[in-house]
Amino acid sequence: MATSIATVAFEGIRAVPVDVQVQISPGFPRFNIVGLPDKAVGESRERVRAALIASGLALPAKHISVNLAPADLPKEGSHYDLPIALALMAAMGAIPADMLDKYFVLGELALDGRISRVPGILPAAIAANGEERGIICPAACGPEAAWAGGEIDIIAVESLFALVNHLAGRQIAARPVPQKALAVEGEEDLADIKGQELARRALEIAAAGGHNFLMVGPPGAGKSMLAQRLPSILPPLDPREMLDVSMIASIAGTLRNGALSDRRPFRAPHHSASMAALVGGGHNARPGEVSLAHNGVLFLDELPEFQPQVLDSLRQPLESGQTVIARANAKVTYPARVQLVAAMNPCKCGMAGTPGHTCRRGDKCAADYQGRISGPFLDRIDIRIDVPAVSAADMIGRGGGEGEASASVAARVARARKIQRDRYLALGAEGVFTNAAASSRIIEAVVDPDAESRALLLRAAEAFSLSARAYHRVLKVARTLADLSGSEAVKKTHIAEALSYRLNMTAA
Ligand SMILES: Nc1ncnc2c1ncn2[C@@H]1O[C@H](COP(=O)(O)OP(=O)(O)OP(=O)(O)O)[C@@H](O)[C@H]1O
Ligand SMILES: [Mg+2]
């Protein structure tokens, strides 16, 4: 007779039910696992065997077959250890099988029978809740599972031994409680930045509307500094967004102690990052940086130093808000709606355009360096500004006077974001919270330029041969400028300012 235990496999951030079936039959002693297991699942045999011995159970000297159904779905990861061990124990009569059929079981076993943390508990618990099941998971992942809802039955235990005790009613494991990550105190503040009024304004606009943003300037101008302070002016995640962000972090195994955070993610991959690291994929089709930055910021510092193909692989997620990773037998989709922030020097020596400086290689220096970034990639950037260096003399001359602090900028950003959210909610635009995320149809409906603005747009479009995408993106930035100033209508000044951030770019 075969016994079975339910667990899950992951397709993107979706947990798909998987049945772990075990049969013990007379015959040559063998332990086989079938059903498209990857290497980690295959190695499960050794861990399960050792953990059972450590818990006082020896495997029978019989033919043991484990089948992971459905057989055509690839099974990856180490979380199959625990369901395989439980199915074996049920087949051996060590625990009653019917106690477990209302649970999804996930966990990795250590050789001494302890249950170690595994990625993906949050999506698994949400799937379990949807099917009116409970979840059995490692104690370390309990707080994560608890986010799935107050009514879900959770057994979060330290070891196989503790689990058996819990099931027998000898020692009941406490129900875990959802935990929220504590806010980071004393984070970087915009007040640290002296001068750079234009860059600060552009950063505020980008934050308010969720626009993609590029800073170009000489070394030491404060570009990286500005970008790192963007999270300090962004509004916190709402509960829905927080859950989406945490599901991806859970799959990637980056949730700290199972605690969820309402801070927007800020990811800054190094420029040596590979395509798989950035958009996802590779051996286990894990989410990439662009998905880990979902609902937050993807910061690409030293933009031209990234491999051109790697940058271009971001074009599709930047447009569609998701990445699709093709695998041999399936497609995996991850959400990836990010705000892109990038910083670069104007040329290899870093000083092109600075008064009094001539590059040794002349104009070619800047042209070659900037040429590493493709036109279509640049077309996706809404706001481009030059960040000139602030001289040390300037900084001393200012008497160390501070700029405006993040808290007051954040209040203006929050106001503008609320206006956007309310507007798109009233229009019934599902999942659209910022101007940047609005579709072209919606943006045309909410920006109605007057005759003068129209004429200005037409002149700019002809003179700089703006693409249709560029046109819509100018409208989006203009809408944000109007929202920031609390204006219902998008006026000519808004259009003109939005164009100024864009045309800068075509001139590069
Ligand atoms: N506007 C500023 N106000 C205060 N400090 C500044 C400012 N600009 C630069 N600095 C100082 O210069 C340092 C370097 O700044 P940052 O790393 O942001 O430069 P960058 O523009 O990113 O340069 P690079 O192109 O070399 O990466 C900062 O750590 C800070 O000490
Ligand atoms: Mg820098």
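Me: Hi! Is glycine 281 buried or exposed?
Reply: Glycine 281 is buried, because 22 C-beta neighbours lie inside 10 Å. The cut-offs are 20 or more other C-beta atoms within 10 Å for buried, 12 or fewer for exposed and partly exposed in between, with C-beta atoms placed from the backbone. This is a predicted model, where local features need pLDDT of at least 70, side-chain atom pairs count only at pLDDT 80 or more, and totals for chains, interfaces and linings use all residues. Residues are numbered from 1 along each chain as its sequence is written, while chains are lettered from A and ligands numbered from 1 in the order in which they are written.

Me: Thanks! Which strand is glycine 281 in, and what does it touch?
Reply: Glycine 281 belongs to strand 14, residues 280-281. Helices (H or I, at least four residues) and strands (E, at least two) are DSSP runs, numbered from the N terminus. Setting aside residues up to four places away in sequence, glycine 281 touches Ala276, Gly288 and Ile325; contact means C-beta atoms, placed from the backbone, within 7 Å.

Me: New topic: which residues are closest to ligand 1?
Reply: Pro219, Gly222, Lys223, Ser224 and Met225 are the closest of the 15 residues that surround ligand 1. A residue is near a molecule if its C-beta atom, placed from the backbone, lies within 6 Å of it.

Me: And which helix gives the most to that shell?
Reply: That would be helix 8 (residues 223-228), with three residues.

Me: Nice. How many residues are in the largest nonpolar core?
Reply: The largest nonpolar core has 140 residues, and Phe104, Ile135 and Ala478 are among those with the most contacts inside it. Helix 3 (residues 81-91) supplies the largest share of this core, nine residues. Such a core is a set of buried Ala, Val, Leu, Ile, Met, Phe, Trp, Tyr and Cys residues joined through C-beta atoms within 7 Å. A second, separate core has five residues, including Met351 and Tyr369.

Me: What about the backbone: which peptide bond is cis?
Reply: The one from alanine 69 to proline 70 is cis, with omega near 5°. Proline 70 sits in the loop between strand 4 (63-69) and helix 3.

Me: What is phi for glutamine 196 and serine 465?
Reply: Glutamine 196 has a positive phi of about 55°, and serine 465 has a positive phi near 35°. Most residues other than glycine have a negative phi.

Me: Are those two buried or exposed?
Reply: Glutamine 196 is buried, with 24 other C-beta atoms within 10 Å, whereas serine 465 is exposed, with 9.

Definitions and conventions:
Contact = placed C-beta atoms within 7 Å.
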